[in-house]
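I opened my notebook to look at a few places in one structure. Here is what I looked up, in order.

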Amino acid sequence: MSLKKIKYWGASTSAHQVEGNNHNQWSIWELASANELSKSAPKRYGWLENWAEISKEAQDPNNYVSGVSADHYRLYKEDFDLAKKLNFNAFRFSIEWSRIEPEEGKWDESAIEYYKNYVRELRARNFEPFVTLFHFTLPDWFAEKGGFLYSKNIVYFTRFVEKIISEVKDVTYITTINEPGVYTFMSYMNGKWPPQEKSRIKTLSLIINLASAHKKAYKIIKKINPNCKIGISKNYSYFYTHNNSLEEKIMVKALDYLSNLWFLNRVKKHEDFIGINFYFSNRISGFRVRNPNSKVNDLGWDMKPQNLYQILVRLHSKYAKPIFITESGVADRKDVHRKWWIQQSLKAIDKAIAQGVEVGGYLHWSLLDNFEWADGFWPRFGLIEVDYKTLQRKPRPSALWYGEFISKIVNTKELK
Ligand code: BGC
């Protein structure tokens, strides 16, 4: 079994989605938008099969305010212990810039100490930390300046990167930016995330600036610690044709280039590995996306985990770099698809490795149920269920299965 070649097994999180009590451009927007989001819920989710089950939660304004979230900021050691019981040896998280630099130019030493300790606690459990430096949230003062929209602002990000990497020393794997394309598209193209703009020009300048921010951060980190392995976490949407017509083939090529390869090409000289976040496949029918939707998750996303194989082979042949699955998962509150999703993904990865693709880690999204951005708390991505009233954690059956699988992979010499 080729999966034995994978060194790191675990799960992913991001600060704003699990920590609780953050103050950044998202937390401000949530308070301003919660009522509106709750009112428009029937329009956005009414078509979902599970609407009856989620409608109460989705129409509650509190669903859209991250608040204390899973309170992971306080409960992180307990969460690490749970992850340890699932036999993880790796864990991905993000460092919340707004905690480190709550006011422009003022470092919060206690927040820095917190993350140092966080890494210490991971290491104490023999977890390899995978750190993300920008996972969609910005300090409010940076957002007020326009954030990454203006190239002159990149210096604030690189100053944060320099500070945090010189302080939190014991990390090797770093993803500078999580899903630059998703962040750009949702915030400046379709206007669903703060600051809810719809501007092609801004979309373009933002994505160019994110690539440049990554490259600058890469150089700074390498100077501080040449042993660091640096990449980005790139969302990869797999596009395929419905009828194999010429127009569909052209569309697939164009969309694949724009949404998947453009950014990777731009940063390829400044990446030690490629991080892949995989959730979607898009079937192109004529000039539109029309998915078969024979099997969908709670958010109505068509599930085709097997397509990870084509993605891995493609990326390997194009870039010949180690690949880490930095996220992959399903919104599945009843836990009916999660085990299947992981199994199918692993089959796809196994096949790709057998063909020479180097895959360094599989980090499932997510360890815990969490705050799913503009969708709020109702979509449940966690291996571990969180009761948001009591903050109790309960591993789902798929988590227990995954934990046993990891143990077999890591501890058994030969697997059939
Ligand atoms: C993001 C996560 C998000 C997940 C599920 C990725 O786009 O990195 O923050 O929760 O997908 O939507």
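In which sense do E6 and strand E8 (residues 281-285) pair, and over how many bridges? I found that E6 and E8 pair in the parallel sense over four bridges. Strands (E, at least two residues) and helices (H or I, at least four) are DSSP runs, numbered from the N terminus, and two strands pair if DSSP finds at least two bridges between them.

A note on the source: this is a predicted model, where local features need pLDDT of at least 70 and side-chain atom pairs count only at pLDDT 80 or more, while totals for chains, interfaces and linings use all residues. Residues are numbered from 1 along each chain as its sequence is written, and side-chain values use heavy atoms, with hydrogens and water left out.

I then looked at the whole sheet: it is open, with three strands in the order E6-E8-E9 and mixed pairing. Its edge strands are E6 (238-241) and E9 (288-289), each pairing on one side only. I also saw tyrosine 240 standing opposite arginine 283 in E8.

Next I turned to histidine 135. I located histidine 135 in the loop between strand E3 (128-134) and helix H8 (140-144). Is histidine 135 buried or exposed? Histidine 135 is buried, with a relative accessible area of 5%; buried means under 20%, exposed over 50% and partly exposed in between, using a 1.4 Å probe and protein chains only. Leaving out residues up to four places away in sequence, I listed what histidine 135 touches (heavy atoms within 4.5 Å), including Ser14, Arg92, Glu327 and Trp365.
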